Amino acid sequence: MPLIVLPTSQLLWVRVAALLFTCVAFSVASHGASLYGGMADWCIFCWAFSFACTLLVLLVEVFGLQTRAPVSWTNFPITIACYASLLCLSASVIFPLFFLKDQRPSGDTRDYRIAATVFSCLAAVAYMGEVSLTKARPGEVAGYMATAPGLLKVCQTFVACIIFILVSDPVSYNHHAALKWCMAVYCICFILSMAVVVLCVGECTGCLPIPFSKFLSAYGLLAVIMYLTATIIWPVFQFDKRYQHSSRASSKLITVAVLTALNFLLYLADLAYTARLVFVSA
């Protein structure tokens, strides 16, 4: 029977704080904020998912079950923390925009929504603190997901998910073949980045037919080239009057263009870090 271990580290208290903040955020929002619609469901999911994963990490570490976990414990907690920080950050931006600014509630409903927003922001800060505490330091031996390229992979997949949401409602990529290419870029790069995350967390990098470092370098170069084309093509075929499908560009299309450029920069930084790691280790 595993012993209960209660370490009094700074990391433990940061995780406990994140657990409490996410619990309060989704409890308050569900109880009295009178929410409805897809964005409400997204915010509740962000807080509930982060809470559940953090609780899992805490239970495994408190009961000393890291060696029995079917995942790499050097990669899993920081991956969860990074995703949770991005999820809570997105909820902290979306929730007040949709449920405070646009709807202008009054009375107790407004108070509940303000409280949910505050605790969502606190949770995002707590998860960022956890990532800062657990990321790899220079010269330190750590899991791939704790390094800069690993954290960038998480950001790349998260940004791609936001792009998928924006381009699918309404569908804004099917009126020209060039835009379908952009969608293919988003999908291919997302699948490959998520595959890297899963391989690292599942400790399956040795299953690849080629060395993992060579796979990362080749994929990183390919992703940079593909995202460069999408960064150029998307605004041209969405905003140029010769190719415009509608009379005016929506804010969603502009946001997709910005996020495409952001992901291009993330992939470029990822390639630079990966090349540095490969050449330094060589």
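Let me start with a question: is Cys 23 buried, partly exposed or exposed? Cys 23 is partly exposed, because its relative accessible area is 28%, where buried means under 20% relative accessible area, exposed means over 50%, and partly exposed lies in between, with a 1.4 Å probe and protein chains only.

Before I go further, a word on what we are looking at. This is a predicted model, in which local features need pLDDT of at least 70 and side-chain atom pairs count only at pLDDT 80 or more, while totals for chains, interfaces and linings use all residues. Residues are numbered from 1 along each chain as its sequence is written, and side-chain values use heavy atoms, with hydrogens and water left out.

Now the overall picture. The protein has 8 helices and 0 strands, where helices (H or I, at least four residues) and strands (E, at least two) are DSSP runs numbered from the N terminus. Of the 282 residues in the protein, 43% are buried. The accessible surface comes to about 14,500 Å², and carbon and sulfur atoms account for 70% of that surface; the areas come from the Shrake-Rupley method with a 1.4 Å probe, and for residues only the protein chains shown count as cover. If we take contacts between residues at least 6 apart in sequence, 78% of them join residues at least 24 apart, with contact meaning heavy atoms within 4.5 Å.

Let me stay with the cysteines for a moment. A disulfide is a covalent bond between the sulfur atoms of two cysteines. Here it is taken as a pair of cysteine sulfur atoms within 2.5 Å, and by that rule the count is 0 disulfides. Cys 121, for instance, is in no disulfide, and the nearest cysteine sulfur, that of Cys 88, is 9.7 Å away. Cys 121 is partly exposed, since its relative accessible area is 34%.

Helix H1 (residues 10-32) and H2 have axes that come within 9 Å and cross at roughly 145 degrees; the axes are lines fitted to C-alpha atoms, for helices over the stretch in contact, and the angles run from 0 to 180 degrees between N-to-C directions. H1 passes H2 in a left-handed crossing, which is to say that the near helix is turned anticlockwise from the far one by less than a right angle, clockwise being right-handed. Cys 23 comes back here, because it is among the H1 residues that make this contact, which also include Leu 19 and Phe 26, and on the H2 side we find Trp 47 and Phe 51 among others. By class, the residues of the contact of H1 with H2 divide into 14 nonpolar, 4 polar and 2 charged, where Ala, Val, Leu, Ile, Met, Phe, Trp, Tyr, Cys and Pro count as nonpolar, Asp, Glu, Lys and Arg as charged, and the others, Gly among them, as polar.

Helix H3 (residues 76-101) and helix H6 (residues 177-201) also pack at an angle of about 145 degrees, with their axes 9 Å apart, and their crossing is left-handed. Phe 76, Thr 79 and Tyr 83 of H3 meet Met 194, Val 197 and Val 201 of H6, a contact with 5 nonpolar, 1 polar and no charged residues.

Ser 90, in helix H3, is buried, with a relative accessible area of 11%, and leaving aside its neighbours within four places in sequence, Ser 90 is in contact with Trp 42, Cys 46 and Phe 158. Val 196, in helix H6, counts as buried at 0% relative accessibility, and, not counting residues up to four places away in sequence, Val 196 touches Tyr 144, Lys 153, Phe 212, Phe 215, Leu 216 and Tyr 219.

Most residues other than glycine have a negative phi. Glu 203 is found in the loop between H6 and H7, and Glu 203 is exposed, with a relative accessible area of 60%.
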